[in-house]
Amino acid sequence: MIGPGKKTPRASTVPVPWALVLAGAAIAFLVMGTRQTFGIFLTAVTDELGSGREAYSLAVAILSLLMGIPVGGYLADRFDPRRVLLGSAIIYCIAMLGVSRLASAAGLLFFLGILGGIGFSGVSLALVMGAVGRLVPAERRSSTLGVITAGASLGMFLTVPLAQVGREVIGWRWSFAIIAVSGLLIAALAFMFPGARSKVTQSEDTIDEPFVETLRKARRDRSYLLLTTGFFVCGFHVSFIAIHLPAFLTDSGLSGRVASLALAMIGLFNIIGSPFFGRLGDTYRKRTLLSLLYGLRGVLMIALLLAPLTPLTAILFGATMGVVWLGTVPLTSATVAHLLGARYLTTMFGVVFFSHQVGGFLGVWLGGRIFDATGSYVPIWLIAIGLAAAAVVVHLPIQDQQQPAGMQPATAEPKT
């Protein structure tokens, strides 16, 4: 049973910077929407370049891994997020243009994997949520970050079907060239974020302490380590499904349109799921909600393997998986802020997000590796189901309610 969490006795004096939140949601829309289209192009790219699925999967896996390295988050905390977003958006643009002009599979690792990973790392969901999260009041953080996650889901819903149309009408090369243009839009949105000379109001749980001290606390905090471990499973699930679900469905005899629609349904229904679970996280125990989300993912994957695979069941899988897709993100990031404070939230959530991307690396790469070796995706589905069960157990001991020592929020009234 989910019990209510500890509530703040009085309202924060820090307003929610809604212009910044919406800019963050727009960047998440572009970045995560683009990221989810890579599975649509898997067979088209590998067929034309003459490579197996493992080569493309490995490139996307490297992108996922580099995307999670928290260097960009540290630079955003140390200096300002605006410059990090601007520089990374330019690299992102160059990488996607490079993919559009590939002559052989040899360039996949460099342009899509390495250069793409560097670009995506500085415009990632982790960086955006950290930069916004440290500026919003603690009691509104989970629900506010759910808005940004919903922006990512809306991007997935709209861009995946467009990517399928683009693949069929103009081909994958021109599609990647158009994706590159989105980097310019991200660069423009970066100016909505605080620069080095900007005067902004920090959240009241933003404690100005040395970064080394925050690292020491994180290393000793069992709950933070468990949260980091659990987010590995989230990355494994979402990356494997985003890249390999379309191929899994078309291999099973369904059309490319149905496959792209199933993937789009994940994005559509996560627009509901992420804000919903984010809102619940402001009231109920986040650890219990996280265990619930991972458990439901496992049940849905079991149902996909056991049920007859038809257009209806494929679309239903996408819709129901969408409800639990990224609800983990606002809950996880808000828990990080609770455990360690908001001063270095971009960096410390970035560390957790790196674990997510390590899981994403393995999910994408093993999906291609196991398919090339066995001709089937069933073994990797079974691994994903086992990881879901493990994540349920891992999150239960997390201490997300008791206030850590030395981090009593300014909004709390003194005990009598």
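I count a salt bridge when a side-chain nitrogen of Lys or Arg lies within 4 Å of a carboxyl oxygen of Asp or Glu. The model is predicted, and I take side-chain atom pairs only at pLDDT 80 or more.

**Entry: salt bridges.** I get a count of five salt bridges. I looked up Asp-251 and found it paired with Arg-53, with the closest N and O atoms 3.0 Å apart. Asp-251 sits in helix α11 and Arg-53 in helix α3, so this bridge ties together parts 198 residues apart in sequence. Helix α3 covers residues 53-67. Is Arg-53 buried or exposed? Arg-53 is buried, at 14% relative accessible area. Asp-251 is partly exposed, at 41%.

Next I checked Glu-54. Its side chain meets that of Arg-369 in a salt bridge, 3.9 Å from N to O. This pair also links distant parts of the chain: Arg-369 belongs to helix α16 (residues 345-374), Glu-54 to helix α3, and 315 residues separate them. I noted both accessibilities. Arg-369 is partly exposed at 37%, and Glu-54 is partly exposed at 26%.

I then went to Arg-83. Its partner is Asp-80, with the closest N and O atoms 2.7 Å apart. Asp-80 has 2% relative accessibility, so I file Asp-80 as buried.

**Entry: nonpolar core.** Which residues touch the most other members of the largest nonpolar core? I find Phe-38, Tyr-56, Leu-112, Phe-176 and Trp-381, out of 121 residues in that core. Helix α11, residues 222-251, gives the most to this core, with 15 residues. Leaving aside residues up to four places away in sequence, I list its contacts as Phe-38, Phe-41, Leu-42, Val-45, Thr-46, Leu-108, Leu-112 and Phe-176.

**Entry: surface patch.** I also searched the surface for nonpolar side chains. Ile-69, Val-71, Tyr-74, Leu-75 and Phe-79 form a patch there. Together they have about 420 Å² of accessible area. I placed Val-71 in helix α4, which runs over residues 71-78.

**Entry: cysteines.** How many disulfides are there? I count zero. My cut-off was a pair of cysteine sulfur atoms within 2.5 Å. Cys-93 is buried, with 13% relative accessible area. Cys-234 is buried too, at 0%.

Definitions and conventions. Residues numbered from 1 in each chain as written. Predicted model: local features only at pLDDT ≥ 70, side-chain atom pairs only at ≥ 80, totals over all residues. Heavy atoms only, no water. Core = buried A, V, L, I, M, F, W, Y, C linked by side-chain atoms within 4.5 Å. Buried < 20%, exposed > 50% of the residue type's maximum accessible area, 1.4 Å probe, protein only. Helix = DSSP H or I, 4+ residues; strand = E, 2+ residues; numbered from the N terminus. Contact = heavy atoms within 4.5 Å. Patch = residues over 30% accessible without salt bridge, like charges linked within 9 Å, V, L, I, M, F, W, Y side chains within 5 Å. Areas by Shrake-Rupley, 256 points an atom, 1.4 Å probe, with all protein chains shown as cover.
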